[in-house]
Amino acid sequence: MLITLLLKGFKYFLKATPHSNVYVKYARFLGLKGPINCLSFNRDGALLASGGDDETVRIWDVSTKKCKEVLEDPGQRWGQVTCLVWLGGKVKEDMQQLAFGTGCSFLIIFCQNRTNTAMVEIATTRVFTPSDPVEAVDYDIQTSHLAVSSHHGNVTLYEVGRNGTMLRLWASNVESDGNAYIASSVRFYDSGCKLLIFILETSEMICRDVKSGKEDWCKVLKSGVGHASISLDGQLLLIENLARGFDLYHLPRSSPSHSFPILTNKRCIKDGVFAEGSSVVVCGSDHSEIYTFSLSSLEPKQVLKQGGKNTEVQTTISNKDCHLIASGSSLECSDIVIWEKPSMHSRKQADNDKGHGTIIMVLDFLTFLPLHIGPQESGYHIH
């Protein structure tokens, strides 16, 4: 009987599957009031920042799955938090800085306190008129440039110092026939030398030189323009087309090379991002589901169910251990979910560990076997 149980346990161990190659729910944060508008991981994925209609920014500790800090304005001047980005530094030892824009046109920078790691406000400026909300931000780590766009088509470029000082380099406005249009996204391009500005109403993609602020070219994309995201190598552009899902462009072309169809029930901006070294795209929806696609597939690799109304996929991060997706819902009582998938590195390490464990278990089993059965039954002669 003992031998039978040992053999069954040994066979089960040999058949044990390695780490799963799919995203699973890692953490869920509840108790948030109002829709989640923006999410961003810091450089190493240890912290997640969220902002929303409750006029606060929350810093989440990914490892402990707890809220580390809540940033808010005692004077209640900010309005809703519309967008945010970790500034970071060129070296890991630099202090963590977080910039975010608000509905009352403020651009605010917080930085970690050197003594207790708490976030302290180091810069606040009203970048546009009070009635012109901040729409989008983007940061280029190589040049320390911060681009900010507004609901009325204004775009401003800053150079950010390590102490939070913001030097305005230039400002421009997107308008036609006297009408101002929404600059829904801004993205640095061409190693930070160019800035792409995406216009919601006209589907225009405007390229400006970062140094001079002058327009290099303007192209009209073949699809609508909601949210825009650029791959790590700067070659691919993911656009939410406001109607039938997402489109993939090879920059600087204006016609999509591929589309990712997603059922759309209403015309609202949904976020999409590149993940896993830009080999995968992750797309939000207006019906509580998150879709992951390989770059050449029409069918999703995986569909993640969050629940709630709109599900905004705001950010992803990949490192040697795992891939993370953060998504937020648009409800009066919202939630944030972090999804985790082991990286190829961690799966290989798990396979190696399993192989080593198998060898050890085989040796243990062969040692254990003759000691617990009779010499005649085992065929071994113990002297």
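Predicted model: local features only at pLDDT ≥ 70, side-chain atom pairs only at ≥ 80, totals over all residues.
Arg 28 is partly exposed, with 45% of relative accessible area.

What does the side chain of Arg 28 meet in a salt bridge? The partner is the side chain of Asp 335, at 2.8 Å from N to O. This pair links distant parts of the chain, since Arg 28 belongs to strand E1 (residues 24-33) and Asp 335 to strand E30 (residues 333-342), 307 residues apart. Is Asp 335 buried or exposed? With a relative accessibility of 5%, Asp 335 counts as buried, whereas Arg 28 is partly exposed.

## Other salt bridges

How many salt bridges does a search of the whole structure find? The search finds seven. One of them joins the side chains of Asp 54 and Arg 58, with 3.6 Å from N to O. Asp 54 is partly exposed, at a relative accessible area of 23%.

Another salt bridge is formed by Glu 276 and Lys 341, whose closest N and O atoms are 3.2 Å apart. Glu 276 lies in the loop between E24 and E25 while Lys 341 lies in strand E30, so this pair ties together parts 65 residues apart in sequence. Both residues, Glu 276 and Lys 341, are buried. Salt bridges with shared partners also join Lys 194, Asp 209 and Asp 216 into one network.

For a closer look at Glu 276, its loop runs between strand E24 (272-275) and strand E25 (280-283). Why does Glu 276 count as buried? Its relative accessible area is 15%, and buried means under 20%. The contact between the side chains of Glu 276 and Lys 341, at 3.2 Å, is also a polar contact.

Four bridges pair E24 with E25 in the antiparallel sense, and Val 273 stands opposite Val 282 in E25.

Strand E18 (residues 204-209) has five of its six residues buried, so the strand is largely enclosed by the rest of the structure. Its pairing with strand E17 (residues 194-199) is antiparallel and rests on five bridges. Here Leu 195 stands opposite Arg 208 in E18. The hairpin of E17 and E18 has four residues between the strands, and Ser 203 takes a positive phi near 60 degrees there.

E18 is also joined to strand E19 (residues 215-220), again by five bridges and in an antiparallel run. Which residue in E19 is the bridge partner of Met 205? That partner is Lys 219. In the hairpin of E18 and E19, with five residues between the strands, Gly 213 has a positive phi near 80 degrees. Lys 219 takes part in a further arrangement: its charged end sits over the ring of Trp 217, 5.0 Å from the ring centre.

## Aromatic rings

The count of aromatic pairs comes to six. One of them is the edge-to-face pair of Trp 78 and Phe 100, with 5.2 Å centre to centre and 70 degrees between the planes. Trp 78 lies in the loop between strand E5 (66-72) and strand E6 (81-86) and Phe 100 in strand E7 (residues 97-102), so the pair ties together parts 22 residues apart in sequence. Both Trp 78 and Phe 100 are buried.

Trp 78 also forms an edge-to-face pair with Phe 110, at 6.3 Å centre to centre and 85 degrees between the planes. Because Phe 110 lies in strand E8 (residues 106-112) and Trp 78 in the loop between E5 and E6, this pair ties together parts 32 residues apart in sequence. Phe 110 is buried, as is Trp 78. Trp 78, Phe 100 and Phe 110 form one aromatic cluster.

Elsewhere, Tyr 26 has the charged end of Lys 65 over its ring, 4.4 Å from the centre.

Notes: Residues numbered from 1 in each chain as written. Heavy atoms only, no water. Helix = DSSP H or I, 4+ residues; strand = E, 2+ residues; numbered from the N terminus. Buried < 20%, exposed > 50% of the residue type's maximum accessible area, 1.4 Å probe, protein only. Polar contact = N/O pair within 3.5 Å; in protein donor to acceptor, adjacent residues only side chain to side chain. Pairing = 2+ DSSP bridges. Salt bridge = Lys/Arg side-chain N within 4 Å of Asp/Glu carboxyl O. Phe/Tyr/Trp six-rings, centres within 6.5 Å; stacked < 30°, edge-to-face > 60°. Lys NZ or Arg CZ within 6 Å of the ring centre and 35° of its normal.
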